[in-house]
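Here is a friendly tour of one protein model. Take a look at it, then read on for its aromatic rings and its overall build.

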Amino acid sequence: MNAPVSLPLPPSLYADTAVAPTPTPPLDGDGNVAVAIIGGGFTGLSTALHLAEQGVNALVLEAQQPGWGASGNNGGQVNPGLKHDPDQIEADFGAEFGRRMIDFAYGTTNYTFDLIRRYQIPCEARQNGTLRAAYNEASAAAIEVTAKQCIRRGMPVTLLNRDQMREMTGTDRYLCAMLDNRGGDLHPLSYARGLARAAIAAGAAVHGETPALSLSREGGGWRIETPRGIVRAEKVLLATNGFTDDLWPALRRSIVPVFSSITATAPLPDDVAREIMPTRPVLYESGHITVYYRIDQHNRLLMGGRGPMRWISKPADVAYLIRYAERLWPRLKGASWTHGWNSRLAITPDHYPHVHEPAENLLISLGCNGRGVALSTAMGGQLARRLIGGKNAGIDMPITGIKPMALHAFWPVGVTAAVLAGRVRDRFGL
């Protein structure tokens, strides 16, 4: 078997500022475990932690290092909920199960911040709220509908008008926004490394630079071949999200791996930073193509959105985000933009997270659709419960069959076209 190809972290602000990683050496030799987890992002690490907490022998196999993918390279926003409105979720899954999904999804942020406090994970976590903002009439109407549905269910959300948004953001771009006080932000790579450290301290094993080369049945369990050893496991969790390959048939073709890009400034002067999000919530725009941003604890502005469907390494690769930031806040003209990076996340056709059980003792979870920080953390507890209890252990997300998409091979062309069309529709309020 060949040695794994170790790739450096994307050249991000997070790579330059994260806490030091805990050692996660490559697997060297054969082993037997109760649960093997393939993928060392938030989902895999959180599940390993929850399993280890309950005395289950769990092992994580990560092709690079924990947090290498979108988990350690996202916008750092800890946002509640799902893509769809609460009423739509209940219509899609029924009143009873829909309510369970809503309660779970909108509780994921509190769950995440509680876990961070419990394990004292140093990741610059703040629970200062999430703004979902509208800059055209169509988006404003949609946000009002969402806010009313959330308020009707007793959620701590507030609908803000244009004047209030100007005070909260320092720009007159937005007509309105929904403020959800449960949201917030963190340093995602530090958080991933903190989850790995907590999981290892609880008794789990985490191996970086250890890709799973094959997955096959062996007796009543599973055999996973890696470059330097074979893992035999009673149960397996696949948690590879935007880096899903052909390890399991058709799974790769059930999601669209989309690049999301971020650029960051050098620390801004205090007076400039105070004009931008003075109370430090995070914000994402409601539109066909989402732009999202936040000010971190060091006065850096991080702007994110759709960029090229390829790897990037510098701010110039997403110059449109810099131009947009200068449009929102003219005082940023001439500011120093120090980093530009991206990673791949998984989008599902129905915009719901996907959980599959295609074979006995095999569980799959992927497709957070841009809400991965909180959702994948909380899913770790759900997936651990299912792995321990089997089919008798219900979880608060539907378990569905794998549905590969037609013409999946053309996803880069399709995504590029969708981004361009979405920008046109957003510009003209369509």
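## Rings and overall build

With 37% relative accessibility, Trp311 counts as partly exposed, a label for values between buried (under 20% relative accessible area) and exposed (over 50%), using a 1.4 Å probe and protein chains only. Bear in mind that this is a predicted model, where local features need pLDDT of at least 70, side-chain atom pairs count only at pLDDT 80 or more, and totals for chains, interfaces and linings use all residues. Residues are numbered from 1 along each chain as its sequence is written, and side-chain values use heavy atoms, leaving out hydrogens and water.

The structure holds nine aromatic pairs. Rings of Phe, Tyr and Trp (its six-membered ring) pair if their centres lie within 6.5 Å; planes under 30 degrees apart are stacked, over 60 edge-to-face, and the rest tilted. Two of the pairs look like this:

| Pair | Centre to centre | Plane angle | Type |
|---|---|---|---|
| Tyr14 and Trp341 | 5.2 Å | 75° | edge-to-face |
| Phe243 and Trp311 | 6.3 Å | 20° | stacked |

Tyr14 and Trp341 are both buried. Phe243, at 25% relative accessibility, counts as partly exposed. Ring pairs also join Trp68, Phe243, Phe259 and Trp311 into a cluster.

Now for the whole protein. Of its 430 residues, 58% count as buried. Its C-alpha trace spans about 65 × 45 × 45 Å along the principal axes.
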